[in-house]
Structures are given as structure tokens and as C-alpha cells.
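Subject: Structure for you to look at

Hello,

Here is the structure I said I would pass on. Please look through it first; my notes on what was found follow below.

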Amino acid sequence: MFAVIKTGGRQYRVVPNDVLEIGKIAGDVGTIVQLGEVLVLGGDTPVLGTPTVAGATVAAEVLQHKRGAKVIAFKKRRRKNSRRKRGYRDELTVLRITEILADNAQPTVGPRPKKEKVAAPADDGEDAAPKAAKKKAPAKAPAAKKAPAKKAAAKS
């Protein structure tokens, strides 16, 4: 099953477990948000909205908030010594689609648990000695410059 949603003035075709970047929306990282403007519900019998499908929502987990790449707007008027350089970065929200819901249903899937970082196992010091022995050799001093040798000029 897929859905076509509209958010931030753009339309996206989504399926469950899709990860997408949209314009910034309200919601803390790790929470579930519902996107209500569903234009099409696809599947065996597609449902087209007029303009939206009544009672359909898409549930998504907020993964992170970030900023997009910098966009430079550079304007130049030739032969006039006139230049204008402006830049901006879009505020983005990264979402993972969890469910596509119809008939005013509520989301059943909660946010995924965060993966815990596994620390490297500490040894008894057996491997610590070779690591300490692998120090970088000190840098060599530059060689002194030699004075140019004088040539004996013998005129005959």
C-alpha cells in the first residue's frame, strides 16, 4: 500500500519504512507525527481524494531536525560594479513513515528504540603494549645547505 501526501507545498509518494526529508515540522525527535493531507491511497483499489481522502492519515516517526545544503543567490550587473551575494539553508525534518492509516484509525506502531552503542571490550593489557610501541619516529632535521664550491679559473 502507498499514499501520496502533501506537506510544505510539495507532494511525496510514500510507503511504510520510507525515510524522507521534508520542510521543518513541529515534533520532537523520536515522537510520532500524523500527516493529514493524503491525496491518494493506493493499493488494490486506489482511492483518489477530492482534494484529500477523508479520514486518511500517514503516521511518521521524527528521526532528526537538520539544515539543508547552502544555496547561494549571486546577482551581478555587468559593467556596473554591482554584485549581491546572499545565501540560505533550508530547515529540514527527516521522517520515517511507520503506517498508512484509513478510516480515522489511530497509529499502532510506536517509535523504534534507539540503538545502544557497544563499547569495545577491554583486554588485560596484552594488546596495550604493542600499541604503545608503535610511536611515530621523530621528524628529521633538514640538512644544512652546502656553500657552492668555487671553481678555479685558469686562463691560458
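Helices (H or I, at least four residues) and strands (E, at least two) are taken here as DSSP runs, numbered from the N terminus. On that basis the protein chain reads β-β-β-β-β-β-β-β-α along the sequence, which comes to one helix and eight strands. Please keep in mind that this is a predicted model. The chain has 156 residues, of which 22% count as buried.

One group of four strands makes an open sheet in the order 2-1-5-6, with antiparallel pairing. Its edges are strand 2 (10–14) and strand 6 (47–48), each of which pairs on one side only. Inside that order, strand 1 (residues 2–7) and strand 5 (residues 38–42) run antiparallel and are joined by four bridges. Ile5, for example, has Val38 in strand 5 as its bridge partner.

Strand 8, in turn, pairs with strand 3 (residues 19–23) in the antiparallel sense over five bridges. There, Gly23 has Leu92 in strand 8 as its bridge partner.

Salt bridges

The structure holds three salt bridges.

- Lys66 and Glu21 meet through their side chains at 2.6 Å, N to O. Lys66 lies in strand 7 and Glu21 in strand 3, so this pair ties together parts that are 45 residues apart in sequence. Lys66 counts as partly exposed at 29% relative accessibility, and Glu21 counts as partly exposed at 39%.
- Glu61 and Arg96 form a salt bridge at 3.5 Å, N to O. Glu61 is in strand 7 and Arg96 in strand 8, 35 residues apart, so to speak of this pair is to speak of a link between distant parts of the chain. Both Glu61 and Arg96 are buried.
- Arg67 and Glu91 meet in a salt bridge at 3.3 Å, N to O. Arg67 lies in strand 7 and Glu91 in strand 8, so the pair ties together parts that are 24 residues apart in sequence. Arg67 is partly exposed at 45% relative accessibility, and Glu91 is partly exposed with a relative accessible area of 39%.

Positive patch

Which residues form the positive surface patch? They are Lys75, Arg77, Arg84 and Arg86. Strand 7 (57–77) and strand 8 (82–101) are the elements that give two or more residues to this patch. Lys75 is found in strand 7. With a relative accessible area of 52%, Lys75 counts as exposed, because the cut-off for exposed is over 50%.

Regards

Technical notes
Residues are numbered from 1 along each chain as its sequence is written. This is a predicted model: local features need pLDDT of at least 70, side-chain atom pairs count only at pLDDT 80 or more; totals for chains, interfaces and linings use all residues. Side-chain values use heavy atoms; hydrogens and water are left out. Patches are made of residues with over 30% relative accessible area and no salt bridge: like charges are joined within 9 Å, nonpolar side chains (Val, Leu, Ile, Met, Phe, Trp, Tyr) within 5 Å. Accessible areas come from the Shrake-Rupley method with a 1.4 Å probe; for residues, only the protein chains shown count as cover. A salt bridge is a side-chain nitrogen of Lys or Arg within 4 Å of a carboxyl oxygen of Asp or Glu. Lys and Arg count as positive and Asp and Glu as negative; His and the chain ends are not counted. The place of a charge is taken as NZ of Lys, CZ of Arg, CG of Asp or CD of Glu. Buried means under 20% relative accessible area, exposed over 50%, partly exposed in between (1.4 Å probe, protein chains only). Two strands pair if DSSP finds at least two bridges between them.
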